[in-house]
Amino acid sequence: MLVTNHVLSGAVIGTVARGPAEAFALGVASHFALDAVPHWGDWRDRRHFMSVAVPDGLAGLTLMASLTAAAPAGRRLSVLSGMAGAALPDIDKPTRIFLGFSPFPRPVDWFHSAIQRESQSRAPVEVAAAATFIAAGLALVRRRRRRALAAPPPA
């Protein structure tokens, strides 16, 4: 799954989690759940991978900054924690490419690799996932606004 989708799912998780620690843990768990869904990938070579990974990584970072800034002050740390947890397992890719190693123990790398079901024909899965997470995020924002408007004014 593209890191952008992991970030979007982490933002949704951070919006509903009870706190930053829960958001982070659920974000990490969501990463592996999403990677188990058959998705786009199976890159021809490193150059092809980088042609997708670089813009995706930059989009993910931009989303993290934007969604953190846009989150209500009381939810900001939880939203950031959910996104960080959801993106964290993919840190193995840049560390392998640029530093020559994965920061995770072998069993974690093995598991992360074993659950992947990637295919070049599954780009629509990525688009559908993004649309789902964006819709869920917007629905949560609308629900919070409606609740805030319905609440009695402070005395």
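Me: Before we look at the helices, what do the axes and angles refer to?
Reply: Axes are lines fitted to C-alpha atoms, for helices over the stretch in contact, and angles run from 0 to 180 degrees between N-to-C directions. Please keep in mind that this is a predicted model. Here, helix H2 (residues 20-36) packs with helix H4 (residues 76-87) at about 25 degrees, their axes being 6 Å apart.

Me: Why is H2 called roughly parallel to H4?
Reply: The angle is about 25 degrees, and angles under 35 degrees count as roughly parallel. H2 is therefore roughly parallel to H4. Their crossing is right-handed.

Me: Which residues make the contact of H2 with H4?
Reply: H2 brings Pro20, Ala23, Phe24, Gly27, Val28, Ser30 and His31. From H4 come Leu77, Ser78, Ser81, Gly82, Ala84, Gly85 and Ala86. Sorted by class, that contact has 7 nonpolar, 7 polar and no charged residues, with Gly counted among the polar ones.

Me: Which residues of H1 and H2 meet?
Reply: On the H1 side they are Asn5, His6, Ser9, Ile13 and Gly14. They meet Ala23, Leu26, Gly27, Ser30, His31, Leu34 and Asp35 in H2. By class, this contact has 4 nonpolar, 7 polar and 1 charged residues.

Me: What makes up the largest nonpolar core?
Reply: That core has 8 residues in all: Val3, Val7, Ala11, Met64, Ala71, Val79, Met83 and Ala87. Helix H1 (3-16) and H4 are the elements giving two or more residues to this core. Another core, of 6 residues, lies apart from it and includes Leu8, Leu34, Ala129 and Ala130.

Me: What does Met83 touch?
Reply: Leaving aside residues up to four places away in sequence, Met83 touches Val7, Gly10, Ala11, Leu63, Met64, Leu67 and Thr68.

Me: Why is Asp42 called partly exposed?
Reply: Buried means under 20% relative accessible area and exposed means over 50%. Asp42 has 48%, so Asp42 falls in between and is partly exposed. Asp42 sits in the loop between strand E1 (39-40) and helix H3 (46-70). Although Asp42 is not a glycine, its phi is positive, at about 60 degrees.

Conventions. Residues are numbered from 1 along each chain as its sequence is written. This is a predicted model: local features need pLDDT of at least 70, side-chain atom pairs count only at pLDDT 80 or more; totals for chains, interfaces and linings use all residues. Side-chain values use heavy atoms; hydrogens and water are left out. Helices (H or I, at least four residues) and strands (E, at least two) are DSSP runs, numbered from the N terminus. Angles under 35 degrees count as roughly parallel, over 145 as roughly antiparallel, 65 to 115 as roughly perpendicular and the rest as oblique. A crossing is left-handed if the near helix is turned anticlockwise from the far one by less than a right angle, and right-handed if clockwise. Contact means heavy atoms within 4.5 Å. A nonpolar core is a set of buried Ala, Val, Leu, Ile, Met, Phe, Trp, Tyr and Cys residues joined through side-chain atoms within 4.5 Å. Buried means under 20% relative accessible area, exposed over 50%, partly exposed in between (1.4 Å probe, protein chains only).
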